[in-house]
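Biologist: I would like to go through this model with you, one question at a time. Please let each answer end on the value or name that I ask for.

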Amino acid sequence: MKSVRPALIAVALLLAGCASSAPQTGSDSGATWWNPLTYSWSSLAPWNWFGSSLAVNEQGVGELTASTAMNETAIGEALGGNYQIRKGMRSENGGVVTFFQAVSDKQVKVEVTGQSTVERIDVTDRAIISADGNKIGTPFRDIFRKAFGACDKGTGADSQGVECAAPGSQHISYLFTGEWHGPEGLMPPDETLQNWTISKIIWRK
């Protein structure tokens with residue numbers, strides 16, 4: 001019984017805290033009561049203690065979607081105003097590409113490309129997770145057993161990595177990078193990929 005008593009005390013304290021944070025006033029006596037049937041227990045979940053964060057889903061990143069206009073104000077607002085937004089241009093495949101970068105702590109965390117609206121979002125912010133819980137730094141072995149059927153050699157600026165479609169997604173892919181000393185241009189073997197990690201989460205329209 002001695003081991004049960006501390007647990008009961010902890011529960012009592014928790015209920016008392018909930019009661020003080022979710023008051024309900026009685027109609028006749030004016031007293032404040034706590035109703036466990038109407039209290040939002042989901043608010044006690046650990047992921048709600050520090051507020052919500054951005055996530056990559058089938059629609060985009062947070063409120064940044066395929067319908068978001070390609071301008072500084074719209075992109076900044078869609079990302080919750082958490083980043084400094086800057087515009088740039090570069091040559092790509094014989095043409096000029098306009099992009100916007102979301103910067104925090106002097107580092108690029110998100111890059112957005114498109115024409116009139118958003119078409120691609122590249123995420124390198126460790127605070128942004130994918131819908132299935134993966135994030136920058138997640139090992140290949142935690143998601144895939146082998147590359148065949150899911151992965152291809154990266155291209156362009158991502159040529160040093162391997163890009164794999166996120167399981168069950170039509171819009172999200174992961175760029176894995178790591179050490180390998182094999183021939184340039186070839187896919188590393190599965191044994192090597194097991195230790196590679198996500199360096200970028202990519203969303204495409």
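Predicted model: local features only at pLDDT ≥ 70, side-chain atom pairs only at ≥ 80, totals over all residues.

Biologist: Through how many residues does the hairpin join β8 to β9?

Modeller: β8 and β9 run antiparallel and are joined by five bridges, and within this pairing V112 stands opposite I121 in β9. The two strands are connected as a hairpin, and the number of residues through which it joins them is three.

Biologist: In what order do the strands of the open sheet stand?

Modeller: The open sheet has eight strands with antiparallel pairing. Strand pairing in a sheet goes through backbone hydrogen bonds and may be either parallel or antiparallel. Read across the sheet, the order is β6-β7-β8-β9-β14-β13-β12-β11.

Biologist: Which strands stand at the edges, each with a single partner strand?

Modeller: A strand with a single partner has one side left without a neighbour in the sheet, and this is so for two strands because they stand at its edges. Between neighbouring strands of this sheet the turn is 25 degrees on average, direction ignored. The edge strands are β6 (84-92) and β11 (151-153).

Biologist: Which residue is the bridge partner of S91 in β7?

Modeller: Strand β7 covers residues 95-104 and runs antiparallel to β6, with nine bridges joining the two. In β7, the residue that partners S91 is V96.

Biologist: Is Q101 buried or exposed, and with which side chain does the side chain of Q101 make a polar contact?

Modeller: Q101 lies in strand β7, and its relative accessibility is 13%, which means that Q101 counts as buried, the cut-off being under 20%. Leaving aside neighbours within four places in sequence, the residues in contact with Q101 include Q84, I85, R86, V108 and V110. At 3.1 Å, the polar contact of the Q101 side chain is with the side chain of E111.

Biologist: Which residue's side chain is joined to that of D122 by a polar contact?

Modeller: D122 lies in strand β9 and has a relative accessibility of 9%, so D122 counts as buried. Beyond four places in sequence, its contacts include K109, V110 and E111, and also I201 and I202. The polar contact spans 3.2 Å, and the side chain at its other end belongs to K200.

Biologist: In β14, which residue is the bridge partner of V123?

Modeller: Strand β9 (residues 118-123) and strand β14 (residues 197-204) pair in the antiparallel sense over four bridges. Within β14, I121 has W203 opposite, whereas the bridge partner of V123 is I201.

Biologist: Which residue in β14 does S173 stand opposite?

Modeller: Strand β13 (residues 172-177) pairs with β14 over six bridges, in the antiparallel sense. In β14, the residue opposite S173 is I202.

Biologist: Which residues have the most contacts inside the largest nonpolar core?

Modeller: In soluble globular proteins, nonpolar side chains tend to be buried together. The largest nonpolar core here has 35 residues, and the elements giving two or more residues to this core are α2 (72-78), β7, β8 (107-114), β9, β12 (162-165), β13 and β14. Not counting residues up to four places away in sequence, L79 touches L54, V61, L64, I85 and A102. The residues with the most contacts inside the core are L79 and F176.

Biologist: How many residues apart in sequence are the parts that the pair of F144 and F176 ties together?

Modeller: F144 and F176 form an edge-to-face aromatic pair, 6.1 Å centre to centre and with 80 degrees between the planes. Because F144 lies in the loop between β10 (129-130) and β11, and F176 in strand β13, the parts tied together are apart in sequence by 32 residues.

Biologist: Which residues do ring pairs link into a cluster?

Modeller: The structure holds four aromatic pairs, and one of these pairs, edge-to-face at 6.3 Å centre to centre, is formed by Y174 and F176. Y174 is buried, with a relative accessible area of 0%. The residues linked into the cluster are F140, F144, Y174 and F176.

How values were computed
Residues numbered from 1 in each chain as written. Heavy atoms only, no water. Pairing = 2+ DSSP bridges. Axes fitted to C-alpha atoms, helices over the stretch in contact; angles between N-to-C directions. Buried < 20%, exposed > 50% of the residue type's maximum accessible area, 1.4 Å probe, protein only. Polar contact = N/O pair within 3.5 Å; in protein donor to acceptor, adjacent residues only side chain to side chain. Contact = heavy atoms within 4.5 Å. Core = buried A, V, L, I, M, F, W, Y, C linked by side-chain atoms within 4.5 Å. Phe/Tyr/Trp six-rings, centres within 6.5 Å; stacked < 30°, edge-to-face > 60°.
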